[in-house]
Amino acid sequence: MSLQEELQGFPPAKLAVEDVSKWFRTSRQTVHALDHISLEIAEGEFVCLVGPSGCGKSTLLDIIAGLETPDEGRVMADNVPVVNPGRHRLVMFQESALFPWLDVIGNVMFGLKLKPGLRNKERLEVAKFFIQLVGLEKFSKAHVHELSGGMKQRVALARALAPNPRVLLMDEPFAALDALTREQLYSDIQRIWQKRRKTILFVTHNVREAVCLADRVILFSRNPGQIREQFEIPLPRPRDINSIALAEHAGKITAALKGHLEGEVAE
Amino acid sequence: MRRLLLATLFFAVLVTGWHFLVKAGIYSPVLLPSPQSVGEYLAGAVRDGTLWQATAVTVRRLLVGYFIGILIGLPLGLFTSASKFMEDTIGVLALGLQTLPSVCWIPLALLWFGQTESAMLFVVVMGTVWSVVIATDTGVRNIPPIFARAAKTMGSTGLHKWTKVILPASLPFLVSGMKQGWAFAWRSLMAAEIYVTILTGFGLGHLLHYGRELNAMEQVIGVMLVIIIIGLLTDKILFSPVERFLHNRWGTGVR
């Protein structure tokens, strides 16, 4: 620990994005996906990245996950530079990405089996615990295609939580679900987050969703992908997506988002 | 049960149609033997053991050639899918050789190996390997990239990635590739048996060949029927259970 941290008592940043830039080059064009992004996320913080599609927010998530490499800058996780995907930063994708050749418990066990220092019996117990946590204990032997979209994402959540990562990266995990299932999952995620205190980075284009879940909402703009504004959400938890206070916050952020979009067009 | 009944009924109608076509006397019985005479030939061949022997010889050749083909083709297919370099070299070679009808291997096999079992085996393996390579390669390339990404974040790399993710994910393609390989092996072997005359084993293809030589049309048709039935049975016994398992797991092929 540095002297500064000792004196000021700041909790160390769990994730630090340091001046990251990324370009995607094809034969026809070059897209400036991320432009000098710097960002710190504290231990146990729930942060949402919000922005229009194509603003690079998913790319940033991939870079933090270690699935992509930045062209400039770097990402630090627990003060170690990220070069590869790692067990401590697990990703939940927009599609469930569950393996159809495994049943529910087999899917949840997948990451656990790759985690050393556990006996198989313990792994099975951990898997069962997380399947129960997402409320699917009756379906642990079900095949993936037998589950509804919402159930699939719950299994994906259990699979991501089971190896006990320090950071959970969620890439629009609820985008393909219907509104009712989504609302159920908002309360589940909040409940689990309060219980497990993971550091969560959540990418979405749904402002209300972001306000409902996050401690902090970070607004992105596109061409090039940049951080425009940040909003703290001081609302008490658990939050209801339909509450008026939440709608007020969301309104403010949506207005800001629209402002940036119009600015883009004018440019 | 109802489906079995329907199939039986369908074939009964076909045979009855054949029976009346012969009865009508339009075609010479030498060219179109009656179902009865074909049945008599088959019954006789079963009784004196020639049919069993020929079937045993043929099936043994088929299985040996097929499994060697899979053993070479599967890993080779995985290799070609793994890198651009392999795709541009082995992949192109496989594609070219796959389009080559397997009968075309017979002259080469005869000159290389003479009239031996090795020649027979060579033709079957060459007929099988390339289609298995192509199917495996296509299978691996068709895996949704999200599977590989998800596996990667959970720390699956190297051998683990190949055995626990890529192989199972491409299983549906591998099975259809193996099925296709089986069909190719069967075709190649029949071609080989008809063209390669050897003394070490008298297979179904030889029976067919000598049926022609002897102008014994009931033998030709009888042996053809046996070949068809073996093809049907292997499909039902060897591949159907696996395909059912896959449909069940993947939730595909729902009618």
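**Domains, core and chain contact in a predicted model**

Chain A is divided into two domains: domain 1 takes in residues 12-88 together with 167-266, and domain 2 covers residues 98-164. The model is a predicted one, and the description here starts with how these two parts sit together. Their C-alpha centres lie 25 Å apart. Where the domains meet, twelve residues of domain 1 of chain A are in contact with ten residues of domain 2 of chain A. On the domain 1 side, the largest share comes from helix 6 (residues 179-196) of chain A, which gives six residues. By type, the domain 1 side divides into seven nonpolar, two polar and three charged residues.

Chain A as a whole comes next. Its secondary structure comes to eight helices and ten strands. The radius of gyration of chain A is 19 Å, close to the 18 Å given by the globule rule for 267 residues, so chain A is as compact as a globular protein of that length. Along the principal axes, the C-alpha trace of chain A spans about 55 × 50 × 45 Å. Of the 267 residues of chain A, 42% count as buried. Among the contacts in chain A with a separation of 6 or more, 71% are between residues 24 or more positions apart.

Just after helix 2 of chain A comes Gly66(A), which takes a positive phi of about 95°. Leaving aside neighbours within four places in sequence, Ile64(A) is in contact with Leu15(A), Val17(A), Val75(A), Val82(A), Arg89(A), Leu169(A) and Leu201(A).

Ile64(A) also stands out in the largest nonpolar core: of the 119 residues there, Ile64(A) and Val217(A) touch the most other members. The largest share of this core, 14 residues, is given by helix 6 (residues 117-141) of chain B. Both domain 1 and domain 2 of chain A give residues to this core, so it lies between them. Another core, of 13 residues, lies apart from it, with Tyr41(B), Leu51(B), Leu208(B) and Val226(B) among its members.

The bridge partner of Val217(A) in strand 10 of chain A is Phe231(A). Strand 9 (residues 216-221) and strand 10 (residues 226-232) of chain A run antiparallel and are joined by six bridges. These two strands form a hairpin with four residues between them, and Asn223(A) in the turn has a positive phi of about 50°.

Finally, the two chains meet through 15 residues from chain B and 18 residues from chain A. On the chain B side, the elements giving two or more residues are helix 7 (145-153), helix 8 (158-169) and helix 11 (217-250). Helix 7 of chain B provides the largest share of that side, six residues. The residues on the chain B side divide into eight nonpolar, four polar and three charged. Helix 8 of chain B also holds Leu167(B). With 18 other C-beta atoms within 10 Å, Leu167(B) is partly exposed. The C-alpha atoms of Leu167(B) and Gly139(B) are separated by 9.1 Å, although these residues are 28 residues apart along the chain.

Notes:
Residues numbered from 1 in each chain as written. Chains lettered and ligands numbered in written order. Predicted model: local features only at pLDDT ≥ 70, side-chain atom pairs only at ≥ 80, totals over all residues. Pairing = 2+ DSSP bridges. Contact = placed C-beta atoms within 7 Å. Nonpolar A, V, L, I, M, F, W, Y, C, P; charged D, E, K, R; others polar. Rg over C-alpha atoms; globule rule 2.2 N^0.38 Å. Buried ≥ 20, exposed ≤ 12 C-beta atoms within 10 Å, placed from the backbone. Domains from an automatic or database assignment. Core = buried A, V, L, I, M, F, W, Y, C linked by C-beta atoms within 7 Å.
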